[in-house]
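Please keep the structure open while going through them.

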Amino acid sequence: MTAGLQLGIVVGYLLVALAVGLVAYRLTERTAEDYFLASRTFGTVVLLFTVFATLLSAFTFFGGPDIAYLHGPEWILVMGLMDGLIFAVLWYVVGYKQWLLGQRHGYVTVGEMLGDRFGSVGLRSLVAVVSLFWLFPYVMLQQIGAGGALRALTDGVVPFWAGATVITVFMIVYVVLAGMRGIAWTDTLQGAFMLVMVWAAVVWVLAIVEGVGTINQGIAAAEPGFLALGSEFYTPQRMLTFAISIAFGVAMFPQVNQRFFAAASERVLKRSLILWPVLVVLLFVPAFLLGTWAVGLGVEADIGAGENVLPIVLDQFTPSWFAALVVAGAIAAMMSSSDSMLLSGSSYFTRDVYRPLVDATISERREDLLGRIGVVVFAVGALAASLWVEAGALGAGSIGAILVDIGDLAFGGFAQLALPVIVALYWRRTTQNGMLAGIAAPQLVYVAANFVPALPTAYYGWGISIYCMLLGLVVTVAVSSVTAPAETEDAAIYFEELSAE
Amino acid sequence: MVSNVERYAWTAAAGLLLALAIPWFLWGSSRIVAGLPIWLWWHIGWMAVASVAFWLFTRRAWGIWITDRGERA
């Protein structure tokens, strides 16, 4: 009965999303800028919630409470610092400057923005290829998560391959039709919905157990010291490694970074910045507390065997329709991250690889069509890879743990782009060669450290991604210092032109 | 446009906001206040402070280091 109800709610959600997509399709102009960026028209609420919902992947909803259940509520601090503050500062440092440049020059991707200033098609394509390299496995991750969730929901009646395929086909139809405008609208609905549901869940649990005191006593009895700040897992180095590398990675994740271009005005950027830390606290505190409270409530979840704690808590303490709504919302969260990723992946490919390297004279209308075809190719490729991986390597592992592992790897990969881009935005003497070297070097070291078994992935408690970020900073500055700007470079685009107003 | 002093003050303020989002001075504390660890209350309050700081920033100093670079170059 519960499974049927949950499936019904998931299907209902999909239908609502599809309807929104159709409305958006009817409203769009057939140009690439409209398809990828909704013609830069987002207001505060839509921008805020679309960035928010895009950030909330399966990683936040299933992985986050699982970590808070296993290791304690300090995860709230890590995510608060990461998404609430570091990302907010980058919102200004990277986002506002990018937005200004996008307004003046019509940039759709960060690669395009760099390629124009440094007069280099190579740099533009390098940024796109590096981004696609990390984006592809991350889309797979979402598909694997969705396939696994549907399988668990139906007790295996819907096998993994069928669940992942249905979700992917739906996403293709939806993204090809809706584009950025439709995605942002459903993001807004979904973000607001999850916020309400998570708070309702907290109130429900507290009402049933008659207050948080009982829960705290349970925690003290089951795991003394669980609520003390810091532990063997939560060392300062590990907390900061997570917070820093994921925050910088988020800012360079194509689907998040691209949204910086889509704000309608400065006012929208300002208001979103102000509301951002509050929104982050409002979601993360209740979501992760539920994971920690599960310990005090005596909830048993075998995370190592692939269970997630949040659905189990809801099953035990709330009515089945309510649990079904939240689980459906979490699946929707995975999908809203994935559909944005598909759209961004496609825009990086058409804009920064196809257009400069294959056909520079492509018309607006054809680029729009190519963008839609790119979505299909990207999604089908990721699905094929997901099914292949699931059939072979992933049998026994926990979805939550794998999500955190691969998720962290992709975030770290994107984080390597951030410092060279910031240097380019703020230091006039950055050169084309400096950028090429500063982007390539940390990527190579980061990949080698994670995939060559003999190399350690942490030194003195700090993760390798932090060292690689520093390497990227040093290489960008050093190579720029010893090389002359190329003749095609135009530094004024980032500096004098912006202050001339 | 704001003064040079204020420009650096805002930069330092951003650093301070980042530095104390995790209350390092409460390390190891498990004191519970109103049902939640006291360090969690600090964090919640700090995020509210950040929001107010961002509000002030957008009113007073928006654009520093970005649209004010021409005068100094």
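1. The contact between the two chains draws on 41 residues from chain A and 36 residues from chain B, where contact means heavy atoms within 4.5 Å. This is a predicted model, in which local features need pLDDT of at least 70 and side-chain atom pairs count only at pLDDT 80 or more, while totals for chains, interfaces and linings use all residues. Residues are numbered from 1 along each chain as its sequence is written, chains are lettered from A and ligands numbered from 1 in the order in which they are written, and side-chain values use heavy atoms, with hydrogens and water left out.

2. The size of an interface is often given as the accessible area lost when the parts come together. Here the area buried between chain A and chain B is about 3400 Å², and carbon and sulfur atoms give 82% of that area; buried area is the accessible area (1.4 Å probe) that two parts lose on being put together, summed over both. Across this interface of chain A and chain B the rule finds 8 residue pairs in polar contact, both residues being at pLDDT 80 or more. A polar contact is a pair of N or O atoms within 3.5 Å; within protein, one must be able to donate a hydrogen and the other to accept it, and residues adjacent in sequence count only if both atoms are side-chain atoms. For the interface of chain A and chain B, the count of salt bridges is 0, a salt bridge being a side-chain nitrogen of Lys or Arg within 4 Å of a carboxyl oxygen of Asp or Glu.

3. Which helices of chain A supply at least two residues each to the side that touches chain B? They are α5 (75-105), α9 (212-222), α10 (236-252), α12 (266-296) and α19 (496-499), and the largest share, 13 residues, comes from α5(A). Helices (H or I, at least four residues) and strands (E, at least two) are DSSP runs, numbered from the N terminus. By class, the side of chain A that touches chain B has 31 nonpolar, 6 polar and 4 charged residues; Ala, Val, Leu, Ile, Met, Phe, Trp, Tyr, Cys and Pro count as nonpolar, Asp, Glu, Lys and Arg as charged, and the others, Gly among them, as polar.

4. Over all chains, the salt-bridge rule gives a count of 13. One of them joins the side chains of A:Arg351 and A:Glu112, with 3.1 Å from N to O. A:Arg351 lies in helix α14 (residues 320-357) of chain A and A:Glu112 in helix α6 (residues 110-117) of chain A, so this pair ties together parts that are 239 residues apart in sequence. A:Arg351 counts as buried at 6% relative accessibility, and A:Glu112 counts as buried at 7%; buried means under 20% relative accessible area, exposed over 50%, and partly exposed in between (1.4 Å probe, protein chains only).

5. A:Arg124 also forms a salt bridge, with A:Asp352, the closest N and O atoms being 2.9 Å apart. Since A:Arg124 lies in helix α7 (residues 121-153) of chain A and A:Asp352 in helix α14 of chain A, this pair ties together parts that are 228 residues apart in sequence. Both A:Arg124 and A:Asp352 are buried.

6. Leaving aside neighbours within four places in sequence, A:Glu112 is in contact with residues including A:Arg124, A:Arg351, A:Asp352 and A:Arg355. A network of salt bridges links A:Glu112, A:Arg351, A:Arg355 and A:Glu367.

7. Another salt bridge joins the side chains of A:Asp368 and A:Arg372 (3.1 Å, N to O). These two residues are 4 residues apart in helix α15 (residues 364-392) of chain A, and are therefore separated by about one helical turn. A:Asp368 and A:Arg372 are both buried.

8. Most residues other than glycine have a negative phi. A:Arg40, although not a glycine, has a positive phi of about 55 degrees, and phi of A:Tyr460 is near 50 degrees.
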